[in-house]
Amino acid sequence: MKTPNGAPTAHHDPTHLVRTRFEHVTAGQIRDLMLFHLKYNRGKDWRSASDYDRLFSFATAVRDLCVDRFIATQRAYMDQDASRVYYLSLEFLIGKLLGMNLLALGIEQQAREALAELGLELDQMLAEEVEAGLGNGGLGRLAACLLQSMADLQLPAYGYGLRYEYGIFQQNILDGWQQEIPDDWLTLSYPWEMARPEYTLPVLVYGKLDTLRGRGRKAQTIWRDWRLFEGVPFDIPVIGYQVHNCNILRLWSAHASQKFRLDVFNEGEYVKSVEDQNWAQTVTKVLYPSDATHHGRELRLLQEYFLCTCAIRDILRRYKKNHKDLDQFGAKNSIQLNDTHPALAVPELMRCLIDEEDLPYDRAWEITVQTLSYTNHTLLPEALERWPVDLINRVLPRHLQLIYEINARFLQHVELQFNEDDDLARRVSVIEEGPTRMVRMANLAVIGSHRVNGVSALHSELLRQHVLRDFDRIYPERLTNVTNGIDHGRWLLHCNPALAALLRDTIGSDWVRDPARLEALVPHAEDPEFRARFRAVKQANKERLAALILEQTGYQVSPAALFDVQVKRLHLYKRQLLNLLHIIYHYRRLLQHPDLDLAPRVYIFAAKAAPAYHAAKRVIKLVNSLAETINLDPVIGDRLKVIFLPDYNVSLAERIIPAADLSEQISTAGFEASGTGNMKLALNGALTIGTWDGANIEMAEHVGLENFFIFGQRVEDLQRLRAEDYSPWRWYDQDADLRATLDLLKGDAFAPGEPGLFHDLFNELTYHGDRFFHLPDFRPYIECQATVDQLYRQPEEWTRRAVLNTARMGWFSSDRTIRDYCERVWKRLAPVPVTDGDCLFPQVCDADPAASASDAQSR
């Protein structure tokens, strides 16, 4: 009930709320809880509240609804002494949480009604929510999907990451160029996080080592003269989909151990008085600080160590709540390293076990290998992290000492077992000798883990054949494959509710809990009536995206056109540049033949380039220059448009993906480890044009090659080209269309007044050797695109294949990925269903002191 001016009446007092099962939660209870937070958390009444006050109060009310599940979950894990998995990642691209949490709790309709009673709209609230700046691309999005699936599957799991103050960056486009501005996502506070200062940890860096020798005692290493700062944890609940399990994503924030020096301040040294605080806070200031300078590289190393030491010691603390010794540590804990960033977990766990727990080296190593496992995400040599020995020695002297010891013992084993290969030790050594001695973090991660997995069948096979070939020989049982997957809750139920509703109407709701049951949709691909409904959903999504394009770019596009989408991190191996070559070719053909019968097409790009990756930033400039030239050309009209949507993030992906007709997955064969954007687009009914690379292969095998547009050189073809001393000029000379396209790129057709603007890109494809083989794939790509054009003009057949893509993507759910991890990597992990946690509002007066103490320990 509201007063005539729209404000709630005064009798709304939520302090009487009682225990309620979630299926019985009412809109009125949600409304009252929101008003409680508006008054007692924000200190506002309805008249004085800002839009942000209302959003914060509503989000906090929703968070409160999961707190009892959160507490019950940790209590259950502790009481049952459950085996647990810990996922360490520098990125968790979690996206906005409000809509997902309403979905998981099953109260979206009640929430919509509660807000309507207050004159508010849920959709507006969802739009205004801030997206957490905790990730950049596929690595962080995968981590978020896996964490969600672990909660959905009721597995005892924890994510460990860093609480970046500014995230990666917000992308603005100025004169076609990417501009980076800080992503100030924490300015107004974040309603989903809960500070845990009671679990603050001291962190030591720098300093030097001494050896302490005593009569009758073994020599002991002492790390002294270190610099001290602190890690403060913040917890974000990860709510399982309509189960009572609610897991934790714990993020660490760096703070000074002594934040303010009053004595220094009183001497007039105002800047110096906060010097320690300023230094410490730089560690979690931004995600991926530029490594173009020595200070930037040192900061990245500090970040990686900060994550590892905080996570490892927090895991040890939690384990000790139920155990008096470390005999079962490896059996009770699985620690997954997401890429090489957390590889310092190997020496850090050894340091904790030897220096702090006083275990002998051999026992500490046995526990370390039993506990750790490593996911490799790349075949690019430059992406396998290497740190200068001198830098690690300066920042982490004790860890370098342990790395030397680990390496020496490993090489001794290699030389004893494989003495016929004189060069093997050099190839597999953790230390790379040379003018600048380096520590190979991938080698360290492999040696220190009991399992190492790739993320698609091809990727894992290429690891065995090339990148980790020697390690596969040394540890023949260590390498395995776990193909990536996606959270269908976010990437179908949440982002495409109209399609989800159509699927429910057609095949029921079993697929929501078991995505493999989407296969039941296959027969409906032959039903013209169903295809018409499926096509209508896609068309409505395209209309919404067209409105967003107009709002953000000023360009008007036709929803009837083919929406050709390439949205992903910008890197030359992902070959946005090949797509652009096709666009130039397409544009040139339309100018030469204005009556050419081609389907209208809108090419849609969204991508961020690393700030120091100048070639990638020039590709963004080229996209925008093509848009300026083509979109305003009266000869072309609506037949061809080029769109670049800035500041690509999860929220923007949720708008683009449901509207895509064609998914561009055109990386150079053998370079894309897996990809997950390909899965999201196909699940939402886009057809894929792609190379035989990464998870494209498994997708094509599941949906049927006839429902996939495959083109281009395969891995073995590129190996042959390399062996033949590949020259891009051969392809330039023999293909007139390619030559004309490249000459247009080199000229000033798309850079009026700026001659030579794109010479660097032309040179990349020619004089500099075309490392990612754009030119050999140009002709196969444009021929495949011609097939796409022909099929799109047959809407019934196009839709039939789109339906089959959606129907056969259930296997690519991250639920299946997690089950594979449990079977192949975390073999001791089992579900722990939680049956408690229905309380709507904390019953402080009924609290059991013993249970409260248990809850505190369990976290």
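**View 1. Helix α14 provides the largest share of the lining of the second largest pocket, 5 residues.** The model is predicted, so local features need pLDDT of at least 70 and side-chain atom pairs pLDDT 80 or more, whereas totals for chains, interfaces and linings use all residues. Residues are numbered from 1 along each chain as its sequence is written, and side-chain values use heavy atoms, without hydrogens and water. The pocket has a volume of about 580 Å³. Among its 22 lining residues, Gln-220, Thr-221, Ile-354, Asp-355 and Arg-398 are the closest to the centre. Two or more lining residues come from each of β8 (220–224), α11 (345–356) and α14 (397–417). (A pocket is an open set of points on a 1 Å grid over the protein atoms alone where a 1.4 Å probe fits, with protein on both sides within 12 Å along at least five of seven lines; lining residues have an atom within 4 Å of a point. Volume is the space filled by probe spheres set on the points, joined across faces, edges and corners. Helices, H or I of at least four residues, and strands, E of at least two, are DSSP runs numbered from the N terminus.)

**View 2. An open sheet of 3 strands has the order β13-β15-β14 with antiparallel pairing.** β13 (386–388) and β14 (431–432) are the edge strands, each with a single partner, so one side of each lacks a neighbour in the sheet. β13 pairs with β15 (residues 438–440) over 3 bridges (pairing requires at least two DSSP bridges between the strands). Trp-387 has Val-439 of β15 as its bridge partner.
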